[in-house]
Amino acid sequence: MEDQIQFENYKIQSPEAWAGNVEDQELINRIKDSGFAAKQIDEGRDYCYFLDKKYYTSNTENSEYVFMAYTLNEPANLERASVSDVVVEENEVYNIHRISVLRDGILIDKIPDTKIKVFDSENQSSGGILSSNKKINITIKDLRLYDVLILEDSRLKAFTERDFLRKEFSKHVWVSPDNYWAYGSFKFTFINDRNQTIAYKKTFFRDEKGNVLEPEISYLKKGEKFIIEEENYINPVDASREIFPYIDFATDANWKDLSNYIAPMYDKIFHQSTLPEFAPNLVEKLDAITELEEKLQFAIEYVQNNIYYIFNADEMNGHKPQEPAITFENKQGDCKAKCVLLKSILDYIGVDSSIVLVNFNTDFYIKYYLPSLLTFNHVIVKINHKGEEYFVDATIRDEFGLLENRGFIYFMHYLEIKPNQELQERKAYKYPYYCIDEKVEFIVQNMTGKLKLTTVYRGNRANAMRKYFKNTNKREVIDSWNNFLFYSLNYSGDRSGTDVRNIFKDASIDMISDDKKLNEFKIQYTATVENPYFTDPQKNRFLMYFDRNVIKTSARDFIHADLSFWHNFDSEKYEITLQTDQKIDTEEKYTVQESTISNPYFEYKSRKKINKNGGTVYIEYNPLVNIEIPQDKFEDFREAHHTVADSNFGLGIDIIEPGLMNMLKFNFKKRFK
């Protein structure tokens with residue numbers, strides 16, 4: 001194919017020499033039906049005749065090449081193929097080499113039938129996310145059902161000066177192909193044209209019995225290739241219970257060398273100027289605060305709330321941190337800039353801190369990945385204070401509290417930006433406070449119930465609820481509580497379909513207090529219920545309150561062969577009182593049942609006080625969080641949550657109906673129960 005037209009963000013041209021060149025007849029020969037192909041098509045599976053992927057890396061560019069031919073036997077597939085989008089980064093070019101179809105044995109060039117438009121891809125810029133990405137919209141007209149579509153393209157990312165990390169280090173993760181497709185042939189090639197050796201690590205590959213193999217690490221020198229190839233292939237991975245096999249390619253390095261590479265860049269920034277030099281007014285405010293704890297709170301919240309967060313996608317992996325003086329003057333910066341400014345302030349007030357690299361999205365995989373600075377996509381601040389470690393995300397807003405009362409960030413792995421550092425694993429954590437501390441009172445007299453919930457939220461919960469109440473319509477908030485109580489009081493069992501507003505009369509919810517030092521947000525809900533009892537089909541009446549949030553469904557339902565269960569539940573405390581003017585069964589099994597659970601991952605306790613007209617249950621749940629539960633420990637952990645779900649997450653009382661016959665009936669039932 002001859003070179004045609006050149007644009008800024010895309011080109012229509014022949015592939016690079018490293019990608020190879022396939023003539024039309026050779027291409028037609030590769031699209032041959034076989035017994036395997038016929039079987040997949042007959043079963044309604046989309047079929048890819050071949051998929052050839054190549055990844056090329058050098059010290060000046062990265063490039064990905066894809067050549068594939070697949071069936072358009074399904075209308076949905078035809079629709080997706082007819083109109084598609086490709087997003088390219090700054091200085092990245094999308095190269096179209098071939099768009100064709102094989103129709104009735106004839107190869108037809110579809111580039112003349114292809115319309116290409118380029119749009120800005122800044123749909124989130126109002127939220128501080130800046131990107132010069134471009135969206136390339138590709139429309140191919142006159143595609144038909146049962147065509148075989150052939151696409152050959154590549155993406156080339158040329159490095160600029162601010163891509164210094166990408167120039168120095170390479171990282172690419174190849175993931176085994178989607179198991180939705182059947183492939184006549186599948187091939188992936190990694191080409192190392194860098195001066196440095198690249199290591200590659202095969203992870204979560206399996207033997208014939210499905211057992212995970214030990215990871216393999218090998219190396220590619222300049223000019224060497226890695227190839228993986230399959231014929232008549234359907235990826236056997238069980239996507240709902242297994243991790244797709246993947247290969248991590250990264251410039252050969254260790255964590256100490258990487259930390260020594262990046263630490264001087266940050267160290268240099270901190271010596272550019274001092275806080276009194278570039279922020280005298282801020283220093284004056286800090287000096288006016290006498291208590292160190294309050295200075296800490298002021299420093300964190302100043303950077304979080306007064307410095308506008310700009311996430312520049314093009315620079316995130318590519319430029320050195322911005323000077324704190326510039327960040328302070330402009331009142332804006334990315335995560336690196338905000339963290340550097342925060343550390344400068346903490347240094348001034350005498351609080352030990354450091355900057356750390358994290359990746360919340362791929363935190364689980366970091367322990368499997370090869371060492372690479374390109375593994376991380378975010379920067380936060382680690383604070384050492386009074387013998388405890390705290391982590392602060394300077395990009396968060398509307399977060400409050402003295403240091404020990406602030407929200408907790410869940411993650412495990414990080415690299416501290418200091419010399420000679422290894423990858424670190426964060427400690428497990430136990431909350432020093434109850435994230436939810438709730439008192440429920442439901443008092444019934446003369447067939448009318450008065451319901452009152454008083455709830456104190458702390459930590460992350462306080463931040464979230466404070467924001468929720470600020471941004472949500474009051475009627476919507478009340479409806480949310482009404483819907484929750486509709487299930488907690490089991491009214492879903494005897495009056496399903498009833499408008500909750502007709503059940504919870506005069507419902508109101510109000511903020512009682514908001515302590516931004518303790519980070520405690522307190523609310524109170526009240527309502528009147530004219531038909532307060534749940535009635536079963538046998539006309540037995542019950543008063544019950546079971547908070548289903550206490551049941552950790554994700555723990556009870558978790559099934560995965562490879563992933564460990566990530567334990568990140570909040571600590572909770574409840575006091576639930578149900579009182580009526582009717583007699584109750586004070587010996588009913590579930591009414592008096594208590595529980596005590598103690599295992600390495602959580603402690604759970606429910607205690608009850610029962611009287612002739614009601615009772616109170618006291619529930620405390622204290623988890624050890626920010627920890628992965630090993631698979632050999634998980635079943636015991638799951639069973640403990642089943643115990644919680646066995647009527648140990650609230651209180652239910654049985655009403656003894658008045659009258660001699662009802663009393664005789666009750667005594668008879670108790671005797672033969």
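A residue is called buried if its relative accessible area is under 20%, exposed if it is over 50%, and partly exposed in between (1.4 Å probe, protein chains only). Tyrosine 468, at 23% relative accessibility, therefore counts as partly exposed, while phenylalanine 469, at 18%, counts as buried. The model is predicted, so local features need pLDDT of at least 70 and side-chain atom pairs count only at pLDDT 80 or more, whereas totals for chains, interfaces and linings use all residues. Residues are numbered from 1 along each chain as its sequence is written, and side-chain values use heavy atoms, with hydrogens and water left out.

Now for the aromatic rings. Two rings of Phe, Tyr or Trp (its six-membered ring) pair up if their centres lie within 6.5 Å; planes under 30 degrees apart make the pair stacked, over 60 edge-to-face, and the rest tilted. The structure holds 58 such pairs. In one of them, phenylalanine 190 and phenylalanine 249 are stacked, with 4.1 Å from centre to centre and 0 degrees between the planes. Phenylalanine 190 sits in strand β12 (residues 182-192) and phenylalanine 249 in strand β16 (residues 246-251), so this pair ties together parts that are 59 residues apart in sequence. Strands here are DSSP runs of E with at least two residues, and helices are runs of H or I with at least four, numbered from the N terminus. Phenylalanine 190 is buried, at 0% relative accessibility, and phenylalanine 249 is buried at 0% too. Tyrosine 468 and phenylalanine 469 make an edge-to-face pair, because their ring centres are 5.9 Å apart and their planes stand at 85 degrees.

What about helix α16? This helix (residues 631-645) has 15 residues and reaches 21 Å from its first C-alpha to its last, close to the 21 Å expected at 1.5 Å a residue; the expected span is 1.5 Å times one less than the number of residues. Its buried residues include Phe634, Phe637 and Val644. Just after α16, serine 647 takes a positive phi of about 65 degrees.
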